[in-house]
Amino acid sequence: MSGRETILAAIRARKLKQAPLPGPYKAPAVAGDLAQTFAKKLAAQQTDVRVLGSMADVPDAIADILRGRNMAATIHIPPDSELALLELPNVEVRREPPGQFDAAVTFASFAIAETGTLAYAAGNGNPASWHFRPVLEVAIVRPGAIVAELEDVLTDLRAKGGLPSTLNLVSGPSRTGDIEQTMELGAHGPKSLAVLVLKS
Amino acid sequence: MNQDPRQFPKAAREALNDPLLRPALTRMKMNFAARRAHGVHAYGDFETLRVAGRDIRDYSVTHLDELLETLEASVNARGGKVHWAATAEDARQAVLAILRETDAKTVTKGKSMVTEEIQLNPFLEANGIVPVETDLGEYIVQLRHEPPSHIIAPAFHLTKEQVADTFRLEHTKLDPNRSLVERNTLVQEARAVLRAKFEAADAGITGANFLAAAEGAAIIVTNEGNGDLTRLLPRTHIVVTGIEKVVRDMNDVSILLRLLPRSATGQAISTYVSIMAGPVGERAEQRGFHIVLVDNGRSKLIGTEAQDVLRCIRCSACINHCPIYGAIGGHAYGAVYMGPLGAALNPGVMGVAETGHHANASTFCGRCAEVCPVMIPLPKIMRHWRAVEHAQGLAPKSLTFGLALWAFAAKRPRLYRLGASLLARALKLFGRDGAVHALPLMQGWFAVRDFPAPQGKTFQEQWQARR
């Protein structure tokens with residue numbers, strides 16, 4: 001017998017009483033304005049959250065974020081990204097994948113208010129590895145991207161044809177508590193996360 | 001380092017006298033319990049959420065065959081492949097076959113207790129493949145040739161000085177005189193060393209916290225992002241996980257994701273949650289996505305008194321709240337799964353003769369069941385294994401003799417009353433300052449405690465006199 005048959009036969013031979021279908025569960029509703037709740041929850045997770053008027057304010061914000069961290073005025077933008085058209089007069093743009101001391105900027109597909117979480121659906125122009133390679137990630141959240149909970153993200157993705165190959169949920173910079181149970185930032189992913197929430 | 005669960009009592013005594021373990025365990029107990037309590041309180045109605053989690057997992061465990069078949073079809077449809085491993089050896093061979101097929105020589109690994117369970121690393125090394133653990137705690141214990149001492153905090157038993165010594169010994173290409181005093185310096189050094197390993201790896205192996213059958217997705221939660229670099233940089237991604245991790249769909253996962261981090265670390269959500277369905281495809285050669293489903297004794301628990309332990313989502317709350325684990329740590333168990341989880345699971349999958357001690361190492365205080373996010377009746381399952389041990393004649397002779405003696409007396413009320421009254425009077429004679437401090441043949445018991453001295457009459461005698 002193959003492993004498949006062995007396992008399925010073992011399960012079926014022993015299965016006695018089947019539990020009923022679970023009833024629906026609704027998480028407590030997210031209170032207040034979604035954008036404000038999202039910003040508040042994510043800011044509480046060591047994240048630099050800035051509310052901007054529109055895309056026109058992004059170049060200055062990026063330059064300021066890099067300056068504030070004493071980083072070179074260089075940023076990586078994925079090829080084929082919708083951000084490719086972004087004009088950054090004072091910052092050098094690179095298209096190759098960022099290294100571990102570089103900065104990168106991407107659009108977040110969704111922002112989840114319940115937990116202050118960015119959701120990135122991988123695809124052309126949105127390579128998943130870019131959320132883990134750099135030391136600084138800048139994420140741009142468009143007004144229509146903010147939803148209440150993860151279930152809303154899933155509903156939206158299903159309507160668009162299903163899950164991407166990778167859906168990354170990110171709620172702050174990378175961290176570890178593995179040495180003496182004390183939290184330290186920048187374990188493998190970005191040590192620093194900046195989020196630009198656009199009002200329009 | 002104890003690797004034999006039969007040596008548990010001896011290893012536990014040694015752990016109690018380990019001076020380095022005491023501060024780590026004290027910190028562990030304070031931190032995890034306080035953080036969970038805070039996370040649960042902040043959520044609001046956590047009890048309703050626990051009931052929902054229990055029902056979802058109960059449905060999974062009793063519909064495993066259907067869900068696994070659905071999962072396989074969904075994974076196939078997304079360009080992945082499911083491998084079925086009835087035993088640990090089957091699982092090791094399945095992983096090796098995938099690595100050989102893709103000509104992989106080095107692999108990075110995300111955190112996976114199932115790969116510890118099937119002892120994958122020594123097997124890969126014996127076959128010329130270098131596995132590199134990338135979760136910081138797992139990396140540290142791998143360098144030290146130790147097993148993890150906790151399922152989600154594998155190196156919590158070490159001090160930062162021990163970690164610094166290990167790094168100085170192993171990272172030989174770095175300046176031997178560099179400063180390694182600060183924790184973050186250690187974290188950054190591991191980050192740089194491991195980044196090179198990620199870039200060079202041919203394949204990445206992760207576990208899975210959940211499998212969503214309808215979507216063909218594997219889900220992992222991490223705080224470091226190591227699981228993601230493990231998946232996203234190499235050509236091939238292999239997920240190794242237990243058959244019981246499957247649930248119906250991503251909606252089930254969304255609910256369980258509210259339970260898991262809060263129960264584990266008190267976080268509302270872990271920093272990274274990765275939902276992985278199919279090959280990465282960022283580069284043309286990234287075409288391999290494999291899920292190795294490991295049974296290794298799980299299916300034989302279905303339909304037994306221990307079935308409910310299959311609901312487990314490996315949050316470690318039971319371990320973090322266990323007074324036994326809190327006193328001795330994880331290594332003493334000599335098994336991959338420790339604490340109440342190990343006590344309920346190990347006798348079922350590894351055998352009562354090998355791991356019966358684990359089920360006996362309990363005060364039955366019940367905190368494990370109180371904090372379990374999927375409401376597993378852990379003390380009830382431990383009691384079941386104790387009964388099996390007794391029925392199979394595996395319990396120590398002194399215990400079975402003592403119980404048989406007590407049962408003989410308890411079934412004969414006159415004899416019981418006579419014995420009790422004699423004992424009460426005899427113990428009164430041994431009493432000093434209202435307590436018995438020592439008795440012949442019971443040095444062990446009295447070494448750490450006193451027994452209140454009886455006042456000379458039994459409860460039943462006093463009751464008769466007063467009514």
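# Legends to close-up views of chains A and B

**View 1. A strand of each chain meets at the boundary.** S9(A) and strand S9 (residues 272-276) of chain B pair in the antiparallel sense, over five bridges. Strands (E, at least two residues) and helices (H or I, at least four residues) are DSSP runs, numbered from the N terminus, and two strands pair if DSSP finds at least two bridges between them. Within S9(B), B:Ile275 is the bridge partner of A:Leu167. This is a predicted model, in which local features need pLDDT of at least 70 and side-chain atom pairs count only at pLDDT 80 or more, while totals for chains, interfaces and linings use all residues. Residues are numbered from 1 along each chain as its sequence is written, and chains are lettered from A and ligands numbered from 1 in the order in which they are written.

**View 2. The sheet that holds strands of both chains.** Eight strands form an open sheet with mixed pairing, in the order S8(A)-S5(A)-S6(A)-S9(A)-S9(B)-S6(B)-S5(B)-S8(B). Its edge strands, each pairing on one side only, are strand S8 (146-147) of chain A and strand S8 (246-247) of chain B. Strand S5 (residues 210-212) of chain B runs parallel to S8(B), and two bridges join them. Here B:Leu211 stands opposite B:Val246 of S8(B).

**View 3. The side of chain A that touches chain B.** In this complex, 53 residues of chain A are in contact with 71 residues of chain B; contact means that the C-beta atoms, placed from the backbone, lie within 7 Å. On the chain A side, the elements giving two or more residues are helix H1 (3-14), helix H4 (150-159), strand S9 (166-170) and strand S10 (175-176). H1(A) gives the most, with nine residues. By class, this side of chain A has 22 nonpolar, 21 polar and ten charged residues. Ala, Val, Leu, Ile, Met, Phe, Trp, Tyr, Cys and Pro count as nonpolar, Asp, Glu, Lys and Arg as charged, and the others, Gly among them, as polar. The predictor gives the complex an ipTM of 0.98 and a pTM of 0.94.

**View 4. A parallel sheet in chain B.** Six strands of chain B form an open sheet with parallel pairing, in the order S1-S10-S7-S4-S2-S3. Strand S1 (81-85) and strand S3 (130-133) of chain B are the edge strands, and each pairs on one side only. On average, neighbouring strands of this sheet are turned by 25 degrees against each other, direction ignored. Strand S7 (residues 236-242) and strand S10 (residues 288-294) of chain B pair in the parallel sense over seven bridges. B:Val240 stands opposite B:Val292 in S10(B).

**View 5. Two packed helices of chain B.** Helix H9 (residues 160-170) and helix H10 (residues 183-200) of chain B pack at an angle of about 35 degrees, with their axes 10 Å apart. Axes are lines fitted to C-alpha atoms, for helices over the stretch in contact, and angles run from 0 to 180 degrees between N-to-C directions. From H9(B), B:Lys160, B:Val163, B:Ala164 and B:Phe167 meet B:Arg183, B:Leu186 and B:Glu189 in H10(B). The residues of this contact divide into four nonpolar, no polar and three charged.

Notes. Contact = placed C-beta atoms within 7 Å.
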